[in-house]
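Please read it alongside the sequence and the coordinates.

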Amino acid sequence: MKKMNNRTLAIILAVILILFIGTKLYRASAEKAGMHTEVFSVKADQITKIVIRPDAAPAQTVSLEKASSGWQVTDGTTTDKVESGSVEDMLPALSRMEAARLVSRKKKDRDSYGVGDSTGTHVVLYHDHTPLAEFWVGADNGAPGQSATYVRMRGKDDIYQAAAGYLASSLDKPFDQWRDPTFLRIEGSRITRVHFLYPADTGFTLQKEHGKWLIDGIAEDSGKVASYVDRLAYQSLHHFVSHFTPPANPTLEISVGNDSTQLAVVDAWKTDSTWTLTSSTRPNVYFSSQGSDIISKLFVGKSSLAGK
């Protein structure tokens, strides 16, 4: 009986050893062949909230929340629309996290890969209030086109290189970089009147009559006006102003419309060395002119539109 037990034990140990070696060989061949290991998987449509502590702004907590009107972003005090496509584009990679390879199981390596408890970008996926997955992502920004993302699940030692190399940069963004940068969106063909309200009664009205653009009854350069209308129709700004209380009257104002409808209003206030702006396209959202030429693009003078 004892001999039989020893034989059985030896067989069991041999089987375990074969399985262990086989698993190692399979993983090695899979990595060599470019096959990916699944780290976790959830249904993309089950993700209704993504809470992020970005490495780029570790003092912030950014929450992306799915609403009936689309994805919104909040930092706890301000809530805004998310830039179109920014969440939808990364959901496939977020919902099915795949690894290109295992890089380490050592705790001492976590910080160097940006996946320690206090390093990297911390992410929690939710369905309503129920957590679906929690993990850290870190980045290795090598040569252009060769960036790598590393990921570690909560409570696990395994550190993987994610198959989606762009994921860390997609997630590691402070609050303002998630916000919708839309400033003006108008259908240009509908614009037939632009009223400029400037200080000291220096404003004027640009009006389209019988196919010609006029200021004070004088025909303007159609090419210059067309270029200006194009600028009015589509503008984005990427710097936001938080907690701004606008004075009663703006320093500058543009009212855009036609004979029957007001299409948009743009207001601007001078604030130190920059301007704070808002538009009816994005009511109650305030932008900074920092890093842009938005003031000179939109608030033009008569001479910039004048005919020859």
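Thr-121 has a relative accessible area of 1% and is therefore buried, a label that applies under 20% relative accessible area, with exposed meaning over 50% and partly exposed in between (1.4 Å probe, protein chains only). The model is predicted, and local features need pLDDT of at least 70, side-chain atom pairs count only at pLDDT 80 or more, while totals for chains, interfaces and linings use all residues. Residues are numbered from 1 along each chain as its sequence is written, and side-chain values use heavy atoms, with hydrogens and water left out.

Thr-121 belongs to strand S7 (residues 121-127), where strands (E, at least two residues) and helices (H or I, at least four) are DSSP runs numbered from the N terminus. A polar atom of the Thr-121 side chain lies 3.1 Å from the backbone nitrogen of Asp-55. Apart from residues up to four places away in sequence, Thr-121 touches Ile-52, Arg-53, Pro-54, Asp-55, Gly-114, Phe-135, Trp-136, Val-137, Leu-171 and Asp-172, contact being defined as heavy atoms within 4.5 Å.

His-122 also lies in strand S7, and its relative accessible area of 17% makes His-122 buried. The side chains of His-122 and Glu-134 make a polar contact at 2.7 Å; such a contact is a pair of N or O atoms within 3.5 Å, of which, within protein, one must be able to donate a hydrogen and the other to accept it, and residues adjacent in sequence count only if both atoms are side-chain atoms. With neighbours within four places in sequence left aside, the contacts of His-122 are Val-51, Ile-52, Arg-53, Glu-134, Phe-135 and Trp-136.

**Strand pairing**

The protein chain has 6 helices and 20 strands. An open sheet is formed by 8 strands in the order S15-S14-S13-S12-S17-S18-S19-S20, with antiparallel pairing, where two strands pair if DSSP finds at least two bridges between them. At its edges are strand S15 (218-219) and strand S20 (282-288), each of which pairs on one side only.

Strand S10 (residues 159-162) is covered on both faces, since Ile-159 and Gln-161 on one side and Tyr-160 and Ala-162 on the other are all buried. In the hairpin of S9 and S10, which has 5 residues between the strands, Gly-155 takes a positive phi near 80°.

| Strand pair | Bridges | Bridge partners |
|---|---|---|
| S13 (residues 204-209) and S14 (residues 212-215) | 4 bridges | Glu-209 and Lys-212 |
| S9 (residues 148-153) and S10 | 2 bridges | Tyr-150 and Gln-161 |

**Aromatic rings**

Rings of Phe, Tyr and Trp (its six-membered ring) pair if their centres lie within 6.5 Å, with planes under 30 degrees apart counted as stacked, over 60 as edge-to-face and the rest as tilted. By this rule the count comes to 11 aromatic pairs. Phe-40 and Phe-135 form a tilted pair, because their ring centres are 5.4 Å apart and their planes meet at 35°. This pair links distant parts of the chain, with Phe-40 in strand S1 (residues 37-41) and Phe-135 in strand S8 (residues 130-140), 95 residues apart. Both Phe-40 and Phe-135 are buried.

Tyr-198 and Phe-204 form an edge-to-face pair, at 6.3 Å centre to centre and with 80° between the planes. Tyr-198 counts as buried at 14% relative accessibility, as does Phe-204 at 5%. One aromatic cluster is formed by Phe-196, Tyr-198, Phe-204 and Tyr-228.

**Nonpolar cores**

In soluble globular proteins, nonpolar side chains tend to be buried together. A nonpolar core is here a set of buried Ala, Val, Leu, Ile, Met, Phe, Trp, Tyr and Cys residues joined through side-chain atoms within 4.5 Å. The largest such core has 34 residues, of which Phe-183, Ile-191, Val-194, Phe-196, Ile-254 and Phe-299 touch the most other members. Beyond its neighbours within four places in sequence, Ile-191 is in contact with Ile-186, Trp-213, Val-229, Leu-232, Val-256, Gly-257 and Leu-263. A second, separate core of 31 residues includes Phe-40, Val-42, Ala-93 and Val-151.
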